[in-house]
Amino acid sequence: MSTHNQGTELDLSWISKIQVNHPAVLRRAEQIQARRPVKKEWQAAWLLKAVTFIDLTTLSGDDTSSNIQRLCYKAKYPIREDLLKALNMHDKGITTAAVCVYPARVCDAVKALKAVGCNIPVASVATGFPAGQTHLKTRLEEIRLAVEDGATEIDVVINRTLVLTGQWEALYGEIRQFRKACGEAHLKTILATGELGSLTNVYKASMIAMMAGSDFIKTSTGKETVNATFPVAIVMLRAIRDFFWKTGNKIGFKPAGGIRSAKDSLAWLSLVKEELGDEWLKPELFRIGASTLLSDIERQIYHHVTGRYAAYHDLPMS
């Protein structure tokens with residue numbers, strides 16, 4: 001991965017006068033959703049590319065070591081071997097970008113990936129996920145424990161109260177402490193945009209998170225009523241672009257929550273390509289947080305190769 005974002009000094013003048021043009025953002029989102037997707041071999045190629053951006057995720061109360069093992073095996077072998085051979089892609093080393101689990105399951109994931117000879121990153125949610133309402137000391141300790149257990153990426157959640165009440169200095173200060181607690185691990189900051197009240201707040205929270213040293217900004221926990229949406233993404237991507245223009249630092253983007261279909265994944269790739277350019281279409285700068293998306297991508301590739309849709313028993317579970 002790229003070097004860490006060292007952040008900048010807090011500069012509230014960047015965001016003090018920002019007002020997002022809501023109708024313009026909605027029009028842009030409608031354009032993306034109305035676009036006709038690519039077809040045939042071009043679709044298959046883009047879907048295989050989408051696989052390499054997935055943070056394959058399980059964040060369930062009934063997670064066990066055995067389903068973490070299955071998840072990690074699927075991360076190493078995301079698409080059935082015979083399908084990849086039919087596309088002449090079997091020797092390209094296609095894996096998902098990472099696996100994402102709760103802190104208590106990090107050891108299981110590290111062990112399982114080592115067992116299948118895979119060195120993809122283990123990401124862990126932290127800081128009182130998903131609400132972020134526990135004491136700061138507890139949230140920081142959760143980061144440290146996850147890193148000690150082998151997580152190399154930490155997906156933190158912000159305290160939404162600080163955004164809703166305009167406490168930008170406090171938000172910056174907390175994320176700076178998260179950055180420090182991560183050590184060498186990458187910091188991915190979840191904004192929980194469905195709970196921030198406005199697109200203007202989404203822009204401001206995005207900018208504060210990047211100033212404070214986030215390597216990625218992420219839309220959602222997947223547990224909110226509203227998760228990754230195109231209007232929110234447009235605002236976050238343009239904040240990333242503004243931050244790059246001002247500082248020269250490239251910050252990653254991760255939509256998460258509700259991205260379930262192969263068609264959805266193509267729309268997300270298209271949006272990032274158009275807003276930020278091809279240089280952002282790599283795992284170092286773009287991820288998709290998903291638990292069921294991979295299954296639909298594999299079904300679409302199966303259909304492309306065989307001409308028919310797979311029955312449930314044709315494809316291994318992720």
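The second largest pocket of this predicted model has a volume of about 330 Å³. Among the 15 residues of its lining, Arg36, Pro37, Leu266, Ala267 and Ser270 lie closest to its centre. A pocket here is an open set of points, on a 1 Å grid over the protein atoms alone, where a 1.4 Å probe fits, with protein on both sides within 12 Å along at least five of seven lines, and lining residues have an atom within 4 Å of a point. The volume is the space filled by probe spheres set on the points, which are joined across faces, edges and corners. Helix 1 and helix 11 are the elements that give two or more residues to this lining, and helix 11 gives the most, with seven. Helices (H or I, at least four residues) and strands (E, at least two) are DSSP runs, numbered from the N terminus.

The largest pocket holds about 510 Å³ of space. Its lining has 26 residues, of which Thr57, Thr58, Leu59, Ala290 and Ser291 are the closest to the centre. Two or more lining residues come from each of helix 3 (65-76) and strand 8 (288-290).

Attention now turns to helix 10. Its 18 residues (230-247) should span 26 Å at 1.5 Å a residue, and because the end C-alpha atoms are 25 Å apart, the two values agree. The expected span is 1.5 Å times one less than the number of residues. Among the buried residues of helix 10 are Phe230, Ile234, Leu237 and Phe243; buried means under 20% relative accessible area, with a 1.4 Å probe and protein chains only. Their cover includes helix 1 (22-34), helix 9 (199-211) and helix 11 (262-276), together with strand 6 (216-218) and strand 7 (252-254). After helix 10 comes Gly248, with a positive phi near 80°.

What lies in the largest nonpolar core? Of its 95 residues, Val99, Ile154, Phe253, Trp268, Phe286 and Ile297 touch the most other members. Helix 10 supplies the largest share of this core, ten residues. Such a core is a set of buried Ala, Val, Leu, Ile, Met, Phe, Trp, Tyr and Cys residues joined through side-chain atoms within 4.5 Å.

Residues are numbered from 1 along each chain as its sequence is written. Local features need pLDDT of at least 70 and side-chain atom pairs count only at pLDDT 80 or more, while totals for chains, interfaces and linings use all residues, and side-chain values use heavy atoms, leaving out hydrogens and water.

Definitions and conventions
Buried < 20%, exposed > 50% of the residue type's maximum accessible area, 1.4 Å probe, protein only. Contact = heavy atoms within 4.5 Å.
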